[in-house]
Amino acid sequence: MVSRPDARALNRRFKLEPEEVLLESHECALSSNGMYRRGELHIFEQHLCFACDQPEHKSSICIPFTEVEKVKKRRLALVLPEALLVRATSSSTTTATTDYLFALFASRDAAYTRIVNLARGVRGTLGEQSESGSSTSLPDPPPSPLRTRPAHREAQRRAEEADAPRARSGGEWESEVEGALRAVDLALSRSKSNRNPRAS
């Protein structure tokens, strides 16, 4: 998480009510048209907001939790292992949905847990999916007898430890972000070259 920003300035930026409470903020990047826009994901009590202040990509996104339909952990590639997909439906329609893909988190699982809990509290039900693609809905089903066996509990514990985000300093996080973005740019460049070979 990042240092707590000016909540009142954010409320004005996202056109939120003055009493809307900012709970936490996370550094991450929003995927848009194949590009990653670095910024901050701000989690309020009733809204999920993203702010990008890069000069060429300055933007603001505000998603009410009443419109959050699904939250999914994603593994995009080895260079972008910690991503989060949020699917939202507009209050003006029941069919159109929009996917927001956030990547390069310093602490994705903390953001995921907070978003899911808040969306559940507002909607009552929520579709969730892990990296494996398995989905669940509220209420959570009771654990099966298979999951209570010691061997399976140990395997589940190891999987959770492997997926847990590492504690990283700000400088280390910035270094990883820069390396990941360079790797993505290189992969996109190679893909375009393969699709458009120069005539001999």
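**Exercise 1. Find what joins strand E3 to strand E4, and determine how E3 pairs with its neighbours.**

Step 1. A hairpin joins E3 to E4 through 6 residues. Helices (H or I, at least four residues) and strands (E, at least two) are DSSP runs, numbered from the N terminus. This is a predicted model: local features need pLDDT of at least 70, side-chain atom pairs count only at pLDDT 80 or more, and totals for chains, interfaces and linings use all residues. Residues are numbered from 1 along each chain as its sequence is written, and side-chain values use heavy atoms, with hydrogens and water left out.

Step 2. Check the pairing of E3 with E4 (residues 59–64). The two run antiparallel over 6 bridges. Two strands pair if DSSP finds at least two bridges between them. Within this pairing, Ala-51 stands opposite Ser-60 in E4.

Step 3. Turn to E2 (residues 35–44). E2 pairs with E3 in the antiparallel sense over 4 bridges. Here Glu-40 stands opposite Ala-51 in E3. E2 and E3 also form a hairpin, with 2 residues between them.

**Exercise 2. Decide whether the two faces of E3 are buried or exposed.**

Step 1. Buried means under 20% relative accessible area, exposed over 50%, and partly exposed in between (1.4 Å probe, protein chains only).

Step 2. Separate the faces. In a regular strand the side chains alternate between the two faces of the sheet. His-47, Cys-49 and Ala-51 lie on one side of E3, with Leu-48, Phe-50 and Cys-52 on the other. Both sides are buried.

Step 3. Conclude. In E3 (residues 47–52), 6 of the 6 residues are buried, so the strand is largely enclosed by the rest of the structure.

**Exercise 3. Count the disulfides and check the cysteines.**

Step 1. Recall the bond. A disulfide is a covalent bond between the sulfur atoms of two cysteines. The test is a pair of cysteine sulfur atoms within 2.5 Å.

Step 2. Apply the test. The structure holds 0 disulfides. Cys-52 is in none; its nearest cysteine sulfur, that of Cys-28, is 10.0 Å away. Cys-52 is buried, at 0% relative accessible area.

Step 3. Cys-62 is partly exposed, at 31% relative accessibility.

**Exercise 4. Classify the aromatic pairs.**

Step 1. Rings of Phe, Tyr and Trp (its six-membered ring) pair if their centres lie within 6.5 Å; planes under 30 degrees apart count as stacked, over 60 as edge-to-face and the rest as tilted.

Step 2. Take Phe-14 and Phe-44. This pair is edge-to-face, at 6.5 Å centre to centre with 75° between the planes. Phe-14 sits in the loop between helix H1 (7–13) and strand E1 (22–32), and Phe-44 in strand E2, 30 residues apart. Phe-14 is buried at 7% relative accessible area. Phe-44 is buried too, at 0%.

Step 3. Take Phe-50 and Phe-102. Their ring centres are 5.7 Å apart and their planes at 45°, so the pair is tilted. Phe-50 lies in E3 and Phe-102 in strand E7 (residues 97–103), so the pair ties together parts that are 52 residues apart in sequence. Both Phe-50 and Phe-102 are buried.
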